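This report looks at how parts of one chain pack together.

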Amino acid sequence: MAVEEGQWVLMATGRSPTNIAVIKYWGKRDEALILPVNDSISVTLDPGHLSATTSVAVSPSFPSDRMWLNGKEISLSGGRFQNCLREIRKRARDVEDEKKGIRINKEDWEKLHVHIASYNNFPTAAGLASSAAGFACLVFTLGKVMNVMEDYGELSSIARQGSGSACRSIYGGFVKWCMGKNNDGSDSIAVQLADEAHWNDLVIIIAVVSSKQKETSSTSGMRDSVETSPLLQYRAQTIVPNRVLKMEEAIKSRNFESFARLTCADSNQFHAVCMDTSSPIFYMNDTSHRIINLVEKWNQSEGTPQVAYTFDAGPNAVLIAPNRKNAALLLQKLLYCFPPQDHDLSSYMVGDKSILSDAGL
Ligand code: DP6
């Protein structure tokens, strides 16, 4: 970031964690605006684990917009980056920093360029979703540097245009992405259902089953599902609306039994939709299936759910325990069934009090 002598630089840094959907978003009704076919609900992780940290710098000496991800320059030509930048620039306001002698009028933002440096605090090779944290953080930090005063709902609708799931990472705690009805996407925003303090004895464990990058991206996978899966339509119209209501109730009343049953059922149905797609998409592998078996057997033997599982567009298991005791028992069982020397499960990441507020800022 070369800066000419006498030129100022204005900077802001933000941090955003990723989120794990317990009612999945899978399928768009509008590809360009990223409008989903159903509502979804997620839990935002603790910022200490799986988060993106982004710094945005602005200076009159920057001739173009540039971005570095984990130290490597990446192209900003993609439509999704440009949409987020454009929407934030549109809402930019006057900025005055007397100490540095900086005065930027809102119309100046069209001519000023940004340099963005973003880091993930987890190995990108682990194949864990990073776009949710990345775009939420990008939008939040651009907004900060450009003095954007829009509320979180509005910011979530901008982050959505970077990556659908990113809109939910604007908030901590439990978050619902309301699909909205409007064609312009103005009501397709995220809302916080409960903050991080509401149910803070939950523990989230992520079992990294494979560190390989997934073969089918979420974007292309869900496009194929929308075009070819009859189950997707049934799920979106008939199953999810009811499930979302029940999930909201389970979260409100901290009913782990209901929360766990809904979470597992929704993950399984999402993967059934993937199988119902032409060509079928297999995100889980044998190890993922063995983890499901382990949890299902444990839950059945106790007569009530001890742990919930959910899998996104990859084989890694996200396991949610109601308390530390069950989390410890789960780790014991995982280590027994998948001894570290097998290298089936390459690592565990434990999110303690996994939920946070304010996207970690
Ligand atoms: C399986 O948000 O990555 O994780 O909107 O095309 O960027 P795009 O897709 P993305 O899809 C996430 C899908 C999911 C389920 C979820 O997070 O709800």
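Predicted model: local features only at pLDDT ≥ 70, side-chain atom pairs only at ≥ 80, totals over all residues.

Leaving aside residues up to four places away in sequence, Val139 touches Cys84, Ile88, Leu155, Ile158, Ala159 and Gly162.

## Helices α1 and α2

Helix α1 (residues 79–90) packs against α2 at an angle of about 25°, the two axes lying 10 Å apart. Because angles under 35 degrees count as roughly parallel, α1 is described as roughly parallel to α2, and their crossing is right-handed.

On the α1 side the contact is made by Cys84, Leu85 and Ile88, while α2 contributes Phe135, Leu138, Val139, Leu142 and Gly143. Sorted by class, the contact of α1 with α2 has seven nonpolar residues, one polar residue and no charged residues.

## Helices α5 and α6

Helix α5 (residues 230–252) and helix α6 (residues 256–275) pack at an angle of about 165°, with their axes 10 Å apart. That angle makes α5 roughly antiparallel to α6, and α5 passes α6 in a left-handed crossing.

From α5, the residues Leu231, Leu232, Arg235, Ile239, Arg243, Lys246, Met247, Ala250 and Ile251 meet Ser258, Phe259, Leu262, Asp266, Gln269, Ala272 and Val273 of α6. The residues of this contact between α5 and α6 divide into 10 nonpolar, two polar and four charged.

Terms used. Residues numbered from 1 in each chain as written. Axes fitted to C-alpha atoms, helices over the stretch in contact; angles between N-to-C directions. Helix = DSSP H or I, 4+ residues; strand = E, 2+ residues; numbered from the N terminus. Parallel < 35°, antiparallel > 145°, perpendicular 65-115°, else oblique. Left-handed = near helix turned anticlockwise from the far one by under 90°. Contact = placed C-beta atoms within 7 Å. Nonpolar A, V, L, I, M, F, W, Y, C, P; charged D, E, K, R; others polar.
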